[in-house]
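Please look over the structure shown here, with attention to its pockets and to one of its helices.

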Amino acid sequence: MSDFNQPIGGNDLARFSGPNTFMRLPQAQALDGLDVAILGIPMDIGTSWRSGTRFGPKQIRSESAMIRPYNMATGAAPFDCLQIADIGDLAINTFSLADSLRIIKESYDAILTHDVIPVSMGGDHSITLPILRAIAARHGPVALVHVDAHADVNDEMFGERETHGTVFRRAYEEGLIQPDKTYQIGIRGSGYAATDFTEAQGWGFQQFPAWELWHRSLKPLGDEIRRDIGDRPVYVTYDIDSLDPAYAPGTGTPEIGGLTTPQALELIQALRGLKIVGCDLVEVSPPYDPSGNTALTAANLLYELLCVLPGVRAR
């Protein structure tokens with residue numbers, strides 16, 4: 001296509017009106033011709049503490065109306081280079097986690113029959129496991145950039161093996177990710193045992209706890225991760241609780257001592273040049289942040305992820 005979809009400008013239609021799509025982009029009914037498909041997965045039945053992430057995609061879309069198309073910090077112009085549209089929400093089964101994970105996997109299988117990069121809004125972090133199953137079926141085991149307060153490598157929770165806290169153990173066991181190219185950034189908080197994080201290090205995961213990142217720029221870390229991954233396909237999963245709750249209180253399992261929003265921007269911007277084949281942003285729970293600031297932050301981080309996708313040029 002020669003004409004790329006553009007967000008509706010604030011001088012063309014007031015930002016408090018218009019379609020409730022991400023950045024007020026067109027909503028697509030088909031994937032033909034798209035380079036990037038933005039979708040919502042409104043689910044919270046995989047969470048273990050505070051619910052509410054089923055409302056995440058709707059509020060992220062609402063807060064994204066403020067974002068303009070050009071990145072003034074980096075010069076990135078994603079809507080000049082890629083055909084991007086919002087394809088709506090997946091119709092999960094709100095009464096069954098197992099069935100919802102099946103629906104996500106099958107939906108992503110269908111999406112990935114097209115040459116498109118899926119960018120999803122959660123939803124709790126359990127959505128990432130079926131996504132990775134589909135991504136690995138399409139691309140093989142991928143490198144993984146996992147930004148989170150939690151390692152999510154529990155074996156089970158209440159006897160269940162597929163929850164928001166078991167995602168990356170299952171992904172490792174199933175061979176969906178490359179263990180030595182898996183980077184967990186921002187993990188922190190209290191634990192049940194000293195091995196809560198270190199077991200995954202034994203699998204090859206590279207971990208960067210939040211307390212080692214306090215008062216530091218994350219650009220050098222992002223640069224090193226980019227060099228280490230090279231030209232491998234990579235999936236980026238961004239849990240909003242990686243940020244300190246001072247910046248993002250609207251989440252299900254908040255942990256103090258987290259990343260700042262400038263660090264989040266530095267990290268994402270440093271990933272430019274990677275072969276990103278998909279990404280998600282999860283765990284936004286609007287009921288715990290009536291101001292909307294958590295969803296506003298999430299919307300901006302999703303925009304930053306769009307700005308580092310393959311094919312995006314600077315102006």
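## Basis

This is a predicted model, in which local features need pLDDT of at least 70 and side-chain atom pairs count only at pLDDT 80 or more, while totals for chains, interfaces and linings use all residues. Residues are numbered from 1 along each chain as its sequence is written, and side-chain values use heavy atoms, with hydrogens and water left out.

## The largest pocket

A pocket is an open set of points on a 1 Å grid over the protein atoms alone, where a 1.4 Å probe fits and protein lies on both sides within 12 Å along at least five of seven lines; its lining residues have an atom within 4 Å of a point. The largest pocket holds about 730 Å³ of space, and of the 31 residues that line it, His150, Asn154, Met157, Ser190 and Tyr192 are the closest to its centre. Helix α6 (residues 195-203) gives the largest share of this lining, 4 residues.

## The second largest pocket

The second largest pocket has about 320 Å³ of space, and among its 15 lining residues the closest to the centre are Ile67, Arg68, Asn300, Tyr303 and Glu304. Two or more residues come from each of α8 (261-270) and α9 (293-307), with α9 giving the largest share, 6 residues.

## Helix α1

In helix α1 (residues 56-63), Gly56, Pro57, Gln59, Ile60 and Arg61 are buried, that is, under 20% relative accessible area with a 1.4 Å probe and protein chains only. The buried residues of α1 pack against α9 as well as β1 (36-41), β2 (84-89) and β3 (117-122), where contact means heavy atoms within 4.5 Å.

Technical notes: Points joined across faces, edges and corners; volume = space filled by probe spheres on them. Buried < 20%, exposed > 50% of the residue type's maximum accessible area, 1.4 Å probe, protein only.
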